[in-house]
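Have the model open and follow along.

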There are 2 protein chains.
Amino acid sequence: MKIYRINMETLSYTEEAVPQEWAGLGGRALTSAIVAKEVDPTCHALGKNNKLVFAPGLLTGTTAPNSGRLSVGAKSPLTGGIKESNAGGTASQKLAKLNIKAIIIEGIPQEDKYYSIHVDVNGIKIAEETELLGKGNYEVIGKLVEKHGKNIAVMTIGQAGEYRMTAANISVKDPDGNIRSAGRGGLGAVMGSKKIKYITIDDTGAPGVEIKDLERFRAAAKVFGKGLTSHPVTGQGLPTYGTNILVNILNEAGGLPTKNFRQGNWEKADKISGETIYDTIVARKGKPTHGCHVGCVIRCSQVYNDKDGNYVTAGFEYETVWGFGAGCLIDDIDIIAKADHICDDIGIDSIEAAVTTQVAMEGGIIPFGDGEGMIHLLGEIEKGTYLGRILGNGAEFTGRAMGVTRIPTVKGQSIPAYDPRAVKGVGLTYATTTMGADHTAGYAVATNILKVGGYIDPLKKEGQIELSRNLQIATAAIDSTGLCLFVAFCILDDAEAFQAIIDMINAQYGISLTADDVTELGKFTLRTEREFNKAAGLTKKHDRLPEFFREEVAPHNTTWDFTDEEIDSVHNY
Amino acid sequence: MKIYRINMETLSYTEEAVPQEWAGLGGRALTSAIVAKEVDPTCHALGKNNKLVFAPGLLTGTTAPNSGRLSVGAKSPLTGGIKESNAGGTASQKLAKLNIKAIIIEGIPQEDKYYSIHVDVNGIKIAEETELLGKGNYEVIGKLVEKHGKNIAVMTIGQAGEYRMTAANISVKDPDGNIRSAGRGGLGAVMGSKKIKYITIDDTGAPGVEIKDLERFRAAAKVFGKGLTSHPVTGQGLPTYGTNILVNILNEAGGLPTKNFRQGNWEKADKISGETIYDTIVARKGKPTHGCHVGCVIRCSQVYNDKDGNYVTAGFEYETVWGFGAGCLIDDIDIIAKADHICDDIGIDSIEAAVTTQVAMEGGIIPFGDGEGMIHLLGEIEKGTYLGRILGNGAEFTGRAMGVTRIPTVKGQSIPAYDPRAVKGVGLTYATTTMGADHTAGYAVATNILKVGGYIDPLKKEGQIELSRNLQIATAAIDSTGLCLFVAFCILDDAEAFQAIIDMINAQYGISLTADDVTELGKFTLRTEREFNKAAGLTKKHDRLPEFFREEVAPHNTTWDFTDEEIDSVHNY
């Protein structure tokens, strides 16, 4: 295993051995450790002193089911703190098979030119890029597949990243040439600041991942795969309806934030539900189920076609559907799908873009419910107009531009699809995660709403602190393995499947981790991230939800009522 | 003395006795004490939980020379911390003569309507305002003078405040109907958020300020006045050339930030110097010297006319001339004067607007040196276009919109007219003041460049920490008296004049303060402000200059080289 360090100022790279302290790390644990060690927390996130780090997880590149996730790390230009953004697609597995532990990208080119980076068994090539500048991600990927063949992996930025908009993401090509995103925290702007349009990875001739005890590994992988396919969420719900199954569930639970978090349910929710989307996909001969990377057995992604049967989008997630749908009072799935397509193409986080649209509606740029207006706004981002520059920098930025105070963000990052007053556990995660508001950092919705890993009443405070804390620790560990976070649904209920993960890691590396060691890995990662954030100037005061959440939300008429002390105690581990 | 508390939600007010703890406070000490006690530091600065406080100083309303300054306080929407913004004009003296210790404005109207507030001997009147909405400050003041007579005092917001732009200021009518500004920190946006277009103050029949020992007061005031008129800076330099005398001085010292802080001197500096402006004013029959309030003996303001002898602007300050001039590479005084006029009229801080223009040039919106382009940009702010919404939110906001990293701000507020690498004492003030980058919070330029209060080499670190610390303490005290900060030039060199201030306060209130008590008042104010900022989430990490100041600046090729520990030690008092 090796680390590639690319210097964009000198347009050169070095190959480095993996230091002992990082040998046992992967994915998020590794990107966060590298960023925390090497990046000045007070630097400008889009300046020469930030670094952009790509790392596959500990199990990535093996046959472990659902192990192909990629971690991307840097100081976030959106939150001002550390960021790990996690994506599917084919890049991570190819990096792992090339025995690349991490790629660290430093500096900024001296000339005002853009570059591409190519990674293969011979190392790194940096070349000036002109042809694909200003192009959307679909065109970039299409052209690179033409050039390199469909097996090439691509990580790219769209126009939003080129503009260094702080809601810009990094897009990762999936096995079919569609787009998965390292979505949150503006890492596309960091890639844009380093003047990298795209990175291609060719694993032809790669040595592959070494497994110390192949037989033991295969046995554990089998147990793990069986666990995933037999759990009702990962084996039935997600494969059938994708994450959009949550629209009706959250609506019934009163936790579907509607009209910029004004109410917790919406009478039109069924029009944008997973069931409705499923029927539409089937009728239009799309794919109701689809994997974002090779080896995925959950296959929560799907391919959504338009009325004429032409591809519109893939990986059409609940949070996106919620945000452009209930959040904006738009009940037309085709317009929402089009918005998702544009987000993927211009390379902007669809959650941030959706909440930004809600705030733009709040500020009167367009009225609530205006689907065509929403598409127009995304076009402004693509063109980089002044309105686009406002919107492309996210919800908080847009709110400030328009004098709006009802802005649902934490640490500058938009609160996603679960009202924290009606799903209190995830509210604590929004408040306290190192990442800025992020449901995936400690998905208490599982236990609050889906009754996975037990049940804690979502409307009550009791048990939520411990729930959010434990999920944040577990998530940091899972994000370090390269496993899809959705495996958590299974392992929260299935001790054998959880043990199988540890067995796979032990078999691969010839070590003997225990469950406690995995917990420690999670705690280590969180501590590393919190120390970075503290040094960047983030405090307990930044672990707070906006004041308007102290107001009641229908239908349960609950408020965000945790005290500061209760919130802060999430960090006691 | 009394406090008026206005509730904009209920459109009502109460008259309150002055609590004992605030009885000995005035000006900045009082606004900061009130904001710190009553405002939740984590609230949204433009939301219902912020409060806007107006307070005259301890000596305001008396015949003490230069004692007519107004303090305006709130949580700043620009810095996220506490803010006291200080202005001349006639409002403060009228408040004092009406025996109003402070006006505290709370809440936000329930209806989407604008209001005016009228203050006189009968109390407060709140009325809906429609006629003057969307109008600039000159028109507002003109119409109110037509209605109430020229003796009316006015505090008003322009279009920028109505848009709740975070660089918006509060304009205060001066004796001639021209405009002085509580400029920095976006307090105009706070006034706009409370839907107050203007406040008028009529002191007809006011009881006036009680002086316990009139004879002793008069004697001290005479000593103080004599000190001011005999000191070379307050008696000669400022009355003749105004603050613009600094253009040539800073240029020669290599501390005139040129082209967005790229160099410390400019070959065209003389074209915008105080001497050139003086000659122009005299030739065009303007006023080379003019007081911003009754009783000012320094008279550093002036009235600048155009080629046809028509009024363009008054209170045309060095920092404005620097910012739109050397900072933007614009050497045409008439264009700079026009920019100042527009800033006053639309109600935007001219320092923030000028540095924003530099950053806009950095981001390629217009080229450096484009004077007509600069006027066009200010017009965008007036119109509230999307570009205007970007610019009106200041330099840091504009930089983020355009992907610019060379942004000279501290705590989100623009660094003014003295390069911190060449005038190191004021650099420490920029970094550590509670206010965000602000030269007036501890004007080390006095001792570094003007050799007032001794001399400390501006290019060396030695002595600067103590200098900035002591000046910040002294400034907090002066800002609490209602005295113009420029009296500091005199009292730093003239112990008798300093004692005369204490004597005036003692004679007025019948107390026996010592010099130590005055120092304690300054320390109390700074501590109060720092505690608020800490509770708002500001840390030592926010006491840092942007990383580009670590690079050398010509002509002295010095860098910003204080360690974090040295910077933090400014707070040791």
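**Backbone stops in chains A and B**

Arg299(B) has a relative accessible area of 35%, so it counts as partly exposed; that class sits between buried, under 20% relative accessible area, and exposed, over 50%, with a 1.4 Å probe and protein chains only. This is a predicted model, in which local features need pLDDT of at least 70 and side-chain atom pairs count only at pLDDT 80 or more, while totals for chains, interfaces and linings use all residues. Residues are numbered from 1 along each chain as its sequence is written, chains are lettered from A and ligands numbered from 1 in the order in which they are written, and side-chain values use heavy atoms, with hydrogens and water left out.

Now look at the backbone of Arg299(B): although this residue is not a glycine, its phi is positive, about 55°. You will find Arg299(B) in the loop between β13 (287-290) and β14 (301-305) of chain B. Helices (H or I, at least four residues) and strands (E, at least two) are DSSP runs, numbered from the N terminus.

Over in chain A, Leu329(A) is another non-glycine residue with a positive phi, about 60°. Its place is the loop between α11 (318-324) and α12 (333-346) of chain A. With 26% relative accessibility, Leu329(A) is partly exposed.

Next come the peptide bonds. Most of them are trans, and most residues other than glycine have a negative phi. In chain A, Ala554(A) and Pro555(A) are joined by a cis peptide bond with omega about 5°, and Pro555(A) belongs to the loop between α22 (515-535) and α23 (564-568). Turning to chain B, the bond between Ala554(B) and Pro555(B) is cis, with omega about 5°; Pro555(B) is in the loop between α22 (515-535) and α23 (564-568) of that chain.
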